[in-house]
Every structure is written in C-alpha cells, then in structure tokens.
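This report describes the fold, the nonpolar cores and the charged pairs of the structure shown below.

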Amino acid sequence: MVSGRAGLDEVQIAELGGRKLRFLVVDDEPNICSCIRLLLVHDGHEVEVATSAGAALSLYQKDKFDLVFTDYAMPGMKGDELADAIKAVSPDQPVMMITGYTPELTSLRSVDFVLGKPFELEDLREAVSRLAHDDTAVD
C-alpha cells in the first residue's frame with residue numbers, strides 16, 4: 001500500500017541530483033508494469049514499459065535510460081538473460097531485478113540489485129537512489 005506522501009521530498013530529490021530520471025520497466029504482467037510505472041511517475045520520473053524482453057531490447061536500442069527494472073520469470077528470455085544482453089552493449093547500465101524468486105537467485109552477474117516482491121515504496125525509492133547515479137544521466 002502506498003502512503004499518503006506526495007512523491008519524493010527535497011532531500012531525496014537532492015540525492016538524485018535534482019533531476020528527472022528515465023526508467024525502463026520490464027515485466028510480462030502488464031499490471032505489474034503499470035503499478036511500478038505509477039509509483040515512479042508519481043515521483044516525477046519518465047517511464048517506458050515493456051511486457052517482454054524482446055520489446056525491452058527494442059526500446060533500449062532506441063533510447064537511453066538511467067535504470068532498467070526487470071522481472072526474472074518471463075517467457076522466452078528471462079530477466080537475467082535480458083540483463084546480460086543489456087550489459088553486453090552497455091556495461092555501465094544499472095539493472096535492477098524485481099522478483100518473487102529472491103531466495104532462489106544467487107548468481108546474477110549482470111544484475112546490480114535485487115528487490116523482492118512484494119516490496120514497499122520506500123524500498124523502491126532507496127534502490128533507485130542507490131543505483132541511479134549522476135554519471136548515468138540521460139543526455
């Protein structure tokens with residue numbers, strides 16, 4: 001459940017360099033994409049969504065993102081394989097996995113952070129703050 005807070009406070013915005021970030025959210029469940037998108041847009045960010053790894057790679061080739069969020073268990077290409085493909089062309093691209101399979105995932109070489117489902121809004125904000133560094137800014 002989302003608290004009554006209206007987006008990021010001044011301290012959190014300052015931690016992000018005071019700028020709007022661009023995110024790519026990938027999950028084969030459209031409702032999950034919509035929920036994560038809603039939370040991030042509420043905090044003033046731009047968000048693109050994809051419901052498959054293939055669609056995500058297509059979007060990724062056309063645009064730049066401060067952070068890529070991916071689910072693990074998706075048909076076709078799993079989230080760790082998507083992270084590998086992204087890191088192959090952009091080694092410094094931060095990738096966060098949001099998954100319900102957290103205990104089973106022990107070796108994810110191309111994933112920078114794993115956030116377990118379900119998660120709290122503050123956990124998502126903390127992970128974004130940690131991963132979306134100034135040097136990954138979208139031009």
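At 46% relative accessibility, Glu126 counts as partly exposed, where buried means under 20% relative accessible area, exposed over 50% and partly exposed in between (1.4 Å probe, protein chains only). The model is predicted: local features need pLDDT of at least 70, side-chain atom pairs count only at pLDDT 80 or more, and totals for chains, interfaces and linings use all residues. Residues are numbered from 1 along each chain as its sequence is written, and side-chain values use heavy atoms, with hydrogens and water left out.

**Sheet and helices**

An open sheet is built from 5 strands in the order β2-β1-β3-β4-β5, with parallel pairing. Strands pair if DSSP finds at least two bridges between them; helices (H or I, at least four residues) and strands (E, at least two) are DSSP runs, numbered from the N terminus. Strand β1 (residues 22-26) is joined to β2 by 5 bridges, and Leu24 has Glu48 as its bridge partner in β2. Helix α2 (residues 30-42) packs on the sheet and touches β1, β2, β3 (67-70) and β4 (95-99), contact meaning heavy atoms within 4.5 Å.

**Nonpolar core**

A nonpolar core is a set of buried Ala, Val, Leu, Ile, Met, Phe, Trp, Tyr and Cys residues joined through side-chain atoms within 4.5 Å. The largest has 20 residues, and Phe23, Leu40, Phe69, Met96, Leu124 and Val128 have the most contacts inside it. Two or more residues each come from β1, α2, β3, β4, β5 and α5 (121-131); the largest share, 5 residues, belongs to α5.

**Salt bridges**

There are 10 salt bridges, each defined as a side-chain nitrogen of Lys or Arg within 4 Å of a carboxyl oxygen of Asp or Glu.

| Pair | Closest N and O atoms |
|---|---|
| Arg22 and Glu46 | 2.7 Å |
| Arg125 and Asp43 | 2.7 Å |
| Glu126 and Arg130 | 3.0 Å |

Arg22 lies in β1 and Glu46 in β2, so this pair ties together parts 24 residues apart in sequence. Arg125 in helix α5 and Asp43 in the loop between α2 and β2 are both placed so that their pair ties together parts 82 residues apart in sequence; Arg125 and Asp43 are buried. Glu126 and Arg130 both lie in helix α5, 4 residues apart, about one turn of the helix. Arg130, at 42% relative accessibility, counts as partly exposed.

Methods: Axes fitted to C-alpha atoms, helices over the stretch in contact; angles between N-to-C directions.
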